[in-house]
Structures are given as structure tokens and as C-alpha cells.
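Q: Please go through this model and say, for each label attached to it, what value stands behind the label.

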Amino acid sequence: MSRRDLSRHRIITAQDVEDAARAGVVELLLQPGAMLTPEAAEAVARHGLKLCGRDGADNEWERLLNSAEAQPFKEEICAVGRKLWQRMYVDGNGGNISYRLRDDAVLCTPTLLSKADLTPADLCLVDLDGKQLAGGKARTSEILLHLEIYKAVPEARAVVHCHPPHATAYAITGRVPPTCIIPEYEVFIGRVALSPYETPGTKKFAETVLPYVRTHNTVLLANHGIVCWADTVTHAEWYAEVVDTYCWTLMLAQQLGAPLSHIPAEKAEDLLAIKQRLGLPDARLAGDNCPVCDMPERPGAITTLPAGAAPKLPPAEMDALIEAVTEAVLKALEQKRQS
Ligand SMILES: [Zn+2]
């Protein structure tokens, strides 16, 4: 059986694979943690080549990735990927899913693959710094976002990032939905956070959620989408469903044109107590000094910009803005008086 030694390469390209296949090679020897470009992974599958670690033995991380221990979580990630795609929460190759298999190893989805087409063999294993430990395909570029959450929240075992249209509609308008409208939302999500925009895939982007993750399980990502964390991948996907359906329902209510009725604050306290018993995070339980319920005046006319997300204008510009608005209002009043 002929084998080609590619263990000096950190990244394996389609060219490396094609050259080996042309030479009649059936096995590629890779360094531990070596990554394949998506085209290289596709060429490996097409030529039916076997990948193995240094000395021909699969390395420790490859063994973990392919273990019976990892299998049920890999299957759960694939099932959740299909749910996200079917619910139209991801498009193209968008969205990503991860599960903290061990303290030092996280299963995650690869880059450039539709979540509808995921199979357990596509998944990768990374360490807490994002270095790929095992897996034939390159890890998602968004894994840094997931890892910041795992590092900050010990209870977080699963992270789902996606772009559900209704929740993302709030995120692109710099708004968050109000609280105290629907009990299920209060219990499972509650007051959601909105993190400021940063370029996806960067460490800076990953860090934007840090002020919120300890007191929230769902964060709207400005001009981007959402991220949810939970104890299981299935539960993290539930939160995506709960927040998107809630945003959608509010938009429908807005079309009715009537004011929203609210759950009274004292009844909302009951829901917060249930939430506390379930061990779910909420900024209101962490004593954020805000009232339990937001009171928007009309449906969709939301409301609170989370701390840190408010636009900051220099004092001079703020004064000019106030003056311009005041002038416009007075002018309109004057015109109304004269008509
Ligand atoms: Zn995204």
C-alpha cells in the first residue's frame, strides 16, 4: 500500500491530494492537527484516500473525534443543523454549531458547508484557542465566538449561531424585543442583549458578546444574527426558535395596530422565579436595577438599547441635534396653529 508523507504541511491543498492520487497513493500521512482545505477534503473523498496521523497511527484527537463518546453529540449537531436550515435560520453556508465535549476539546461544524448537508464525518475538533485538533475539514471561522462563551460561562456546553430573519430584523435596527408579553419567552430567554457590530470571524467580534454572556443565554449580534448557548445543542437551538418566533409574533401584532397587553409586573415575577428554579440566566435576576417589564407604547416600538449599545454623540453634536429637533417641533406646531 503506498503512502505519501505530507506531515510537514500544516495545510493540505487540493493540489497535494491530486498529485498523490495521480501517483497511485492510497494513504496520506498528516501531522497531528493538519487541516485540509474544503477542496482538498472533497478530493480525498473522491479518490477514496485514507488519512492517518504521524507513524501511521491516528492521533489521540482523531481517536476522540471518531469515538463512541463523541458520536451521539456529532449526530445531535447534524440534526440541529437540519432544523436550523429547515426553519430558514441559516442560508448558504451560514451559521455554526459547537459542543464542548471535554474541558479542552470542542466539537464544531466545518466552514463552507450548508447546515442541511452536515454529516457526522464533516465535524471538527478544536481546542479552547481555536486550534484544529482533528477532522478532515477546516473548522468554522466563527468558532472564536463560541470559545469566548465557553471560557466565560462554565455551564455553557453548546453554542448555536444563526441568522433567523425575525430576530435578525431586530438586530439590524439596533433594537431588542420588550419583555413581559409571552410567558415562554420570559422563562427561556427574557431580556435579550444586543452586542455591537464587529467584523465576523475576528477575535474582536468574538469578544463583543462578553459583557452579556454571564447574564443572558441569547445575544442579538448587531447587523448580523444571533448566538445562543445552553447545556445541550438541542436546547441552544430551542432558544433560537423561541427568540425568533417571539420577534415574529411581535411583528404580526404590530400589523394589527392595537396596543400590546402586558403581563403585569407582579405576575412576571412568578415567571422569573420559575426561571431561577430552572437555573437559566437573566440580567433581572442578576440585579440589573431595571424594572421587570419594559413598557413600549406600541407593538414593535421597542425600546431599550442595551448598555453599551447606545449611540454615543459628542456633547456638541448632541446639543446641535436637540436644537434641530426642538426647532422642527416648534415649526410644526406653529404651522398647525396657523392652519
Ligand atoms: Zn453569522
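Predicted model: local features only at pLDDT ≥ 70, side-chain atom pairs only at ≥ 80, totals over all residues.

A: Two strands pair if DSSP finds at least two bridges between them.

Q: What makes β12 and β13 a pair, and in which sense do they run?
A: Strand β12 (residues 218–221) and β13 are joined by 4 bridges. Pairing takes at least two bridges, so the two strands count as paired, and they run antiparallel. In their hairpin, 3 residues lie between the strands, and N223 has a positive phi near 55 degrees.

Q: What makes β10 a partner of β13?
A: Strand β10 (residues 158–162) pairs with β13 over 5 bridges in the antiparallel sense, where at least two are required. V160 is found opposite C228 in β13.

Q: Why is β13 called mostly covered?
A: In strand β13 (residues 225–230), 6 of its 6 residues are buried. A residue is buried if 20 or more other C-beta atoms lie within 10 Å of its own, so the label rests on that count. G225, V227 and W229 point one way from the strand, I226, C228 and A230 point the other way, and all are buried. In a regular strand the side chains alternate between the two faces of the sheet.

Q: Where do β10, β12 and β13 stand in the strand order of their sheet?
A: The order is β9-β8-β7-β6-β10-β13-β12-β11, an open sheet of 8 strands with mixed pairing. The twist averages 25 degrees from one strand to the next.

Q: What makes β9 and β11 edge strands?
A: Each of β9 (132–134) and β11 (193–195) pairs on one side only.

Q: How do you know that β7 and β8 pair?
A: Strand β7 (residues 105–108) and strand β8 (residues 124–126) share 3 bridges in the antiparallel sense, against a requirement of at least two. C108 stands opposite C124 in β8.

Q: Which other open sheet has the order β1-β3-β5?
A: That order belongs to an open sheet of 3 strands with parallel pairing. Its edge strands are β1 (3–5) and β5 (50–52), each pairing on one side only. Here the twist averages 20 degrees from one strand to the next. Between β1 and strand β3 (residues 27–29) there are 3 bridges, and these two run parallel. R4 is placed opposite L28 in β3.

Q: Why are α6 and α9 called roughly perpendicular?
A: The axes of helix α6 (residues 165–172) and helix α9 (residues 233–256) cross at roughly 75 degrees and come within 7 Å. Angles of 65 to 115 count as roughly perpendicular, and α6 and α9 therefore get that label.

Q: Which residues make the contact of α6 with α9?
A: On α6 they are H166, A167, A169 and Y170, and on α9 they are V243, D244, C247, W248 and M251. By class, 7 are nonpolar, 1 is polar and 1 is charged. Helix α6 also lies across β11, β12 and β13, at about 115 degrees to β13.

Q: Why is F73 buried rather than partly exposed?
A: F73 has 20 other C-beta atoms within 10 Å. The cut-off for buried is 20 or more, so F73 counts as buried. The residue lies in helix α4 (residues 71–86). Leaving aside neighbours within four places in sequence, F73 is in contact with Y99, L101 and L107. F73 and L107 are 34 residues apart in sequence, with 8.3 Å between their C-alpha atoms.

Q: Which members of the largest nonpolar core touch the most other members?
A: Among its 71 residues, these are I77, V160, L220 and I226. Helix α9 gives the largest share, 8 residues. A separate core of 14 residues includes V17, L30, A41 and A43. In soluble globular proteins, nonpolar side chains tend to be buried together.

Q: What does L220 touch beyond four places in sequence?
A: L220 touches A167, Y170, A171, V176, V192, A193, L194 and I226.

Q: How many helices and strands are there in the protein?
A: There are 11 helices and 13 strands. Of the 339 residues, 39% count as buried.

Key: Residues numbered from 1 in each chain as written. Axes fitted to C-alpha atoms, helices over the stretch in contact; angles between N-to-C directions. Parallel < 35°, antiparallel > 145°, perpendicular 65-115°, else oblique. Contact = placed C-beta atoms within 7 Å. Nonpolar A, V, L, I, M, F, W, Y, C, P; charged D, E, K, R; others polar. Buried ≥ 20, exposed ≤ 12 C-beta atoms within 10 Å, placed from the backbone. Core = buried A, V, L, I, M, F, W, Y, C linked by C-beta atoms within 7 Å.
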